[in-house]
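Here is a short report on a helix and some charged pairs. Keep the structure open as you read.

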2 protein chains.
Amino acid sequence: MRILVPFDARDPKSRLDPLLDRPERVAFADAMLEDVLDVLSGAGHDPEVHATGPVDCGAPTTLDERELTPTVNSVLEATDDPVAVLMADLALLTEEALARLFEPTAEVVLAPGLGGGTNAIRCRHPAFRVDYHGTSYRDHLERARSCGASVATVDSFRLSCDIDRPEDLTEVLLHTDGAARAWLRDAGFELHLRNDRPTVTRPSSR
Amino acid sequence: MRILVPFDARDPKSRLDPLLDRPERVAFADAMLEDVLDVLSGAGHDPEVHATGPVDCGAPTTLDERELTPTVNSVLEATDDPVAVLMADLALLTEEALARLFEPTAEVVLAPGLGGGTNAIRCRHPAFRVDYHGTSYRDHLERARSCGASVATVDSFRLSCDIDRPEDLTEVLLHTDGAARAWLRDAGFELHLRNDRPTVTRPSSR
């Protein structure tokens, strides 16, 4: 099975702009990519990174300046092998969560992301193509059905959390101990209670 | 097994105040409670509602004006039976997600909520007590370990989504077809794309 990890190397994690400047966003995105690749390699896979620009990581990397959708579809068109696509910001990924993506026997397996996205796909149907715009989870369900593929959905908190909004950092600090969490801690981020709710703060801010 | 569904009947869903006035928040909270009770009953359980005030629902209801923590702990103290506690705003609950809470053989089973909360607990250890303040998921892990209980965590997107912030309504419109979704649709809420991201809007607003 081919496992793709698309990566935006141009302006990564732009929604974290209120908390992180650009070099920090690059470093944090790299750390999350490292965590995702570590889990994939640890589970015996050989992930391929498809990046919009140069990236320093431990996996073979293909440069592709196009958007996510054509990048992934060009691989789906070129191969008859099963393909899995995992987002590079799944900082909460574990081998157990990954295994659940591969459990169902359906031809298309989808892991919904918070807010309507699709955080992971496993595809072994020749006609299925992706479209990551808008409510892609719902669209992918419809696309799979309309091309006659059997479909399953993975109900995973860890696969649903893509880390791109400031409040998502709470989940990284609470539920992981990988490179992304270490990066946040080194950068001075901590959990604090505000109105009895955990919030990420940076007391020793720049 | 006793299954508790605590319910705030006084000022439900206050964080939805930007979108819903008070009578609407009451009606929407009632609809979510109905969905949760329907799944529990459908799975063959007899849920008990513990409410801070009168509530019209199809389950036996105990009035308890105290906060969530003492309410739940008084039940844990009074019984030797296994106890499960599910939040009343788990609008994405399904029988499959519920079954995963009962799968592990551990004495304490926790389902983390987004933002550090604990959305569901199944307990069959006599010394375990809850504390829902702050980062309760982490605290509950520590409490279970410190009283010598075996612990398991359920990795479920559906159990992780408690519906209390405006952006959570997106998940209800996308991933359910129960009473809560019907209420939102009847109240005029729709999904729209804003900057290519699904957002809940109410075009025919009051």
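## A buried arginine

At 6% relative accessibility, B:R25 counts as buried. Here buried means under 20% relative accessible area, exposed means over 50%, and partly exposed lies in between (1.4 Å probe, protein chains only). B:R25 forms a salt bridge with B:D17. Their closest N and O atoms are 3.7 Å apart. A salt bridge is a side-chain nitrogen of Lys or Arg within 4 Å of a carboxyl oxygen of Asp or Glu.

In chain A, a network of salt bridges links A:D11, A:D17 and A:R25.

## How to read the model

This is a predicted model, in which local features need pLDDT of at least 70 and side-chain atom pairs count only at pLDDT 80 or more, while totals for chains, interfaces and linings use all residues. Residues are numbered from 1 along each chain as its sequence is written, chains are lettered from A and ligands numbered from 1 in the order in which they are written, and side-chain values use heavy atoms, with hydrogens and water left out.

## Helix α1 of chain A

Helix α1 of chain A covers residues 22–42, which makes 21 residues. Helices (H or I, at least four residues) and strands (E, at least two) are DSSP runs, numbered from the N terminus. From first C-alpha to last, α1(A) reaches 30 Å. That is close to the 30 Å expected at 1.5 Å a residue. The expected span is 1.5 Å times one less than the number of residues. After α1(A) comes A:G44, whose phi is positive, near 90°.

Which residues of α1(A) are buried? Among them are A:E24, A:R25, A:F28, A:A29, A:M32, A:D35, A:V36 and A:V39. An α-helix has 3.6 residues a turn, so residues three or four places apart point the same way. The buried residues of α1(A) pack against strands β1 (2–7), β2 (47–51) and β4 (83–86) of chain A. They also pack against helices α3 (95–102), α6 (169–175) and α7 (179–186) of chain A. Contact means heavy atoms within 4.5 Å.

## Salt bridges between the chains

B:D155 and A:R100 meet in one, at 3.8 Å, N to O. This pair crosses between chains, from the loop between β7 (151–153) and α5 (157–160) of chain B to helix α3 of chain A. B:D155 is buried, at 13% relative accessible area. A:R100 is buried too, at 17%.

B:R100 and A:D155 also meet in a salt bridge, at 3.7 Å, N to O. The pair runs from helix α3 (residues 95–102) of chain B to the loop between β7 (151–153) and α5 (157–160) of chain A. B:R100 is buried at 16% relative accessibility, and A:D155 is buried at 12%.
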